[in-house]
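Dear colleague,

Please find below the sequence and the structure that I am handing over to you. My notes on what was found follow directly after them.

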Amino acid sequence: MTRFASVYPLVTARALAREFTYEVPDEVGPGAVVEVRFGNARRRGVVTEVDVAPPEGIEAAPVERVVEELPPALVELALWIADYYGSTPARALTLVAPVQRRARGERPQPAERDALPGEAQPAALSASQSAALDRIVGALDTGETANFLLYGATGSGKTEVYLQACAAALERGRGAIVLVPEIALTPQALGRFRARFGERIAVLHSALTEAERRDERARIARGEATIVVGARSAVFAPVAGLALICVDEEHDGSYKQESDPRYDARTVAAKRAALEGAVAVFGSATPRPESWGRLERLELGGRLSGPLPSVRVVDLRREAGYPLSAPLLAELGGIVDRGGKAILLLNRRGVAPALHCRACGTTLRCHNCDVALVLHGDRHLRCHHCAYAEPEPDTCPVCGSTELARLGAGTQRLERELEAQLPELERIRLDADAVARPGALAAALARFAAADRVVLVGTQMVAKGHHFPGVALAAVVDADTGLGLPDFRAEERTFQLLTQLAGRSGRDAPGRVLVQTFQPDSRAIELAARHDVPRFLAGELERRRELGYPPFRHLVRIVVAGPEPGAPLQALAELKEGLAGDDILGPAPLLRLRGKFRAQLVAKTEHPRRIAAQAGRLLSAAAPAMRRAGLTAVVDVDPQSV
Ligand SMILES: [Zn+2]
Ligand SMILES: [Zn+2]
């Protein structure tokens, strides 16, 4: 008997976002990726349902070939993502069935190439590690779908718990996925997994070549690699018999995808665990308030190697010498004398964040965006939002004065000041400018690991997940950079960044931490200096409860952008009238970026899917008018910032 199946062709157009019926061979089931004739072209498609009735009056074409088989749960997961994040099934299915090039010959596995030798398994776990592991393995054995928060300071042994939980999954003939932030996917981290599991490890991240990614997926699909270590998109790895998903550094913003489908890999991990009867473990030293408030907590406590370093707060209202205050220079002088390494965090690139005319008060701004131009070391002013750049002028373009002042400091200026004041220290800069070339990041980290009397200067990249012995000093040059941002996560991010940076110091020897700030009484800075994570999170949850922010309500953000001022605000005002029954803020204007005027609506809601679906319908109805006005719209469910 002829069999028919529903197939979603993987096309991006919203107008074609539906299933089509094709004739399929007997062995095909849900999750099969097939090649089909669609219009005049050949397309890939995903089978979502088999044994459906043939369409009336139309002859269903047979599929041309079967490309691969996905675990059926992944298809269900993709359809859920399309619905929850307001995307199309085809776009969401493309996440689980990415385009594959044909294999060409043998290549070394990426983990083999990139991994450093890993540490051996410790002889014994700490009591809290054992208790956490027992709870996780217990949940694996009873088959309950459980979500745990693995909370412990940097250096408290979270990775060892992931490793042994993965081993437990393997012993039970099942698989595991370990997600890490892209930047933390270091040769060191890979080395630990490879030392423990060898060839059973597959690696998925954006720096792989297309051929490497294809090979790794094929090894996973054949069941040769049963543990996948990777960045955000590895949550879709086709691991069969999935038992465990670990999300390391679960507070990291890079788990959210900022293009359609705007999924959050943490939410997706929890959903996939629920669909497959697996256990999800979210680990962090500075968890999100959402996780702290909702998940069963497994606490590891402090560092295995000793107490956390003491933190000294330097009040910049009283200390001269920004960006290098006297106390900071004294600490760095100690490194010159006694040896060791230092890490300095300044979360701003370039030489100076703004150029300001003392005579007429003009700040030099980007022509396309409502932001100041940043002075860079090549004597160019650059916009950090669009590609605009111009040479640094000698005189003010408005009044002709030569009194142009460089306001503030960026990483390049900090590097120069260090060179002038402490030439004995080797300097390594780590920011988006310095690591633009492939391989530059790994080379910089390797240089830092090998050197003595060395200082690593950089943006938030320096605070993330790198473990170096011999770091005697970690310092935040300007703790205030993130606090002023008009975002409900501003304090949370500042707290996380300071706490994570403090964790880089003194992992193997007594270390020092210095925080320079103009706001020493700010809650985020004060509590980070005391390593008081529970108190910070309790306060943060209290504030969010009062204001109706996550985890108490979901946010849905709708941004409209266009070439004319006023039009985005007006379009959103009309949209708001159609969105009944929820707490909706705005419309409010946003900064102009890349020549586009922008505005946003933010809904606080218990029903994010309903709001997103309503907004999607209203935007579809308004699409012709919006197209004529050159307006574009984005609906973002659970945005990272508003
Ligand atoms: Zn001027
Ligand atoms: Zn710009």
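Leu-569 is located in helix H16; helices (H or I, at least four residues) and strands (E, at least two) are DSSP runs, numbered from the N terminus. The model is a predicted one, in which local features need pLDDT of at least 70 and side-chain atom pairs count only at pLDDT 80 or more, whereas totals for chains, interfaces and linings use all residues. Residues are numbered from 1 along each chain as its sequence is written, and chains are lettered from A and ligands numbered from 1 in the order in which they are written.

Leu-569 counts as buried because 21 C-beta neighbours lie inside 10 Å. The term buried requires 20 or more other C-beta atoms within 10 Å of the residue's own, exposed means 12 or fewer, and partly exposed is in between, with C-beta atoms placed from the backbone. Not counting residues up to four places away in sequence, Leu-569 touches Pro-587, Pro-589 and Ala-599; a contact means that the C-beta atoms of two residues, placed from the backbone, lie within 7 Å. Val-96 is 473 residues from Leu-569 in sequence, and their C-alpha atoms are 36 Å apart in space.

One of these partners, Pro-587, belongs to strand E25 (residues 583-593). The peptide bond that joins Gly-586 to Pro-587 is cis, with omega near 5°.

**The chain as a whole**

The chain has 18 helices and 27 strands. Its C-alpha atoms fill a box of roughly 85 × 65 × 50 Å along the principal axes. A compact globule of 642 residues would have a radius of gyration near 26 Å, and the chain agrees with this at 26 Å; the radius is taken over C-alpha atoms, and the globule rule is 2.2 Å times the number of residues to the power 0.38. Of the 642 residues, 48% count as buried. Among contacts with a separation of 6 or more, 74% are between residues 24 or more positions apart.

The chain is divided into domain 1 (3-96), domain 2 (110-301), domain 3 (310-350 + 409-544) and domain 4 (554-637), with bounds from an automatic or database domain assignment. The centres of domain 3 and domain 4, taken over C-alpha atoms, are separated by 38 Å.

**Helix H17**

Helix H17 (residues 608-621) has 14 residues and reaches 20 Å from its first C-alpha to its last, close to the 20 Å expected at 1.5 Å a residue; the expected span is 1.5 Å times one less than the number of residues. Its buried residues are Pro-608, Ile-611, Ala-612, Gln-614, Ala-615 and Leu-619. They lie on the same side of H17 because they cover an arc of only 160° around the axis, an arc of the directions from the helix axis to the C-beta atoms. The face turned away from that buried side carries the exposed residues Arg-617 and Ala-621. The cover over the buried residues of H17 includes strand E24 (554-562), helix H16 (567-578), strand E26 (596-605), helix H18 (623-628) and strand E27 (632-637).

**The nonpolar core**

The largest nonpolar core has 182 residues, and Ala-165, Ile-177, Val-228, Leu-244 and Val-515 have the most contacts inside it. Its largest share, 8 residues, comes from helix H1 (residues 72-84). Such a core is a set of buried Ala, Val, Leu, Ile, Met, Phe, Trp, Tyr and Cys residues joined through C-beta atoms within 7 Å. Leaving aside neighbours within four places in sequence, Ile-177 is in contact with Val-228, Ala-234, Val-235, Ala-237, Val-239, Leu-242 and Ile-245.

**Asp-248**

Asp-248 is found in the loop between strand E10 (242-247) and helix H8 (265-276). This residue is buried, with 22 other C-beta atoms within 10 Å. Beyond four places in sequence, the contacts of Asp-248 are Lys-158, Tyr-162, Val-178, Leu-179, Val-180 and Gly-283.

**Backbone points to inspect**

Most residues other than glycine have a negative phi, and most peptide bonds are trans. The bond from Tyr-322 to Pro-323 is cis, with omega near 5°, and Pro-323 lies in the loop between strand E13 (310-315) and helix H10 (326-338). His-531, not a glycine, has a positive phi of about 55°; this buried residue has 22 other C-beta atoms within 10 Å. Asp-638, also not a glycine, has a positive phi of about 55° and lies in the segment after E27.

With kind regards
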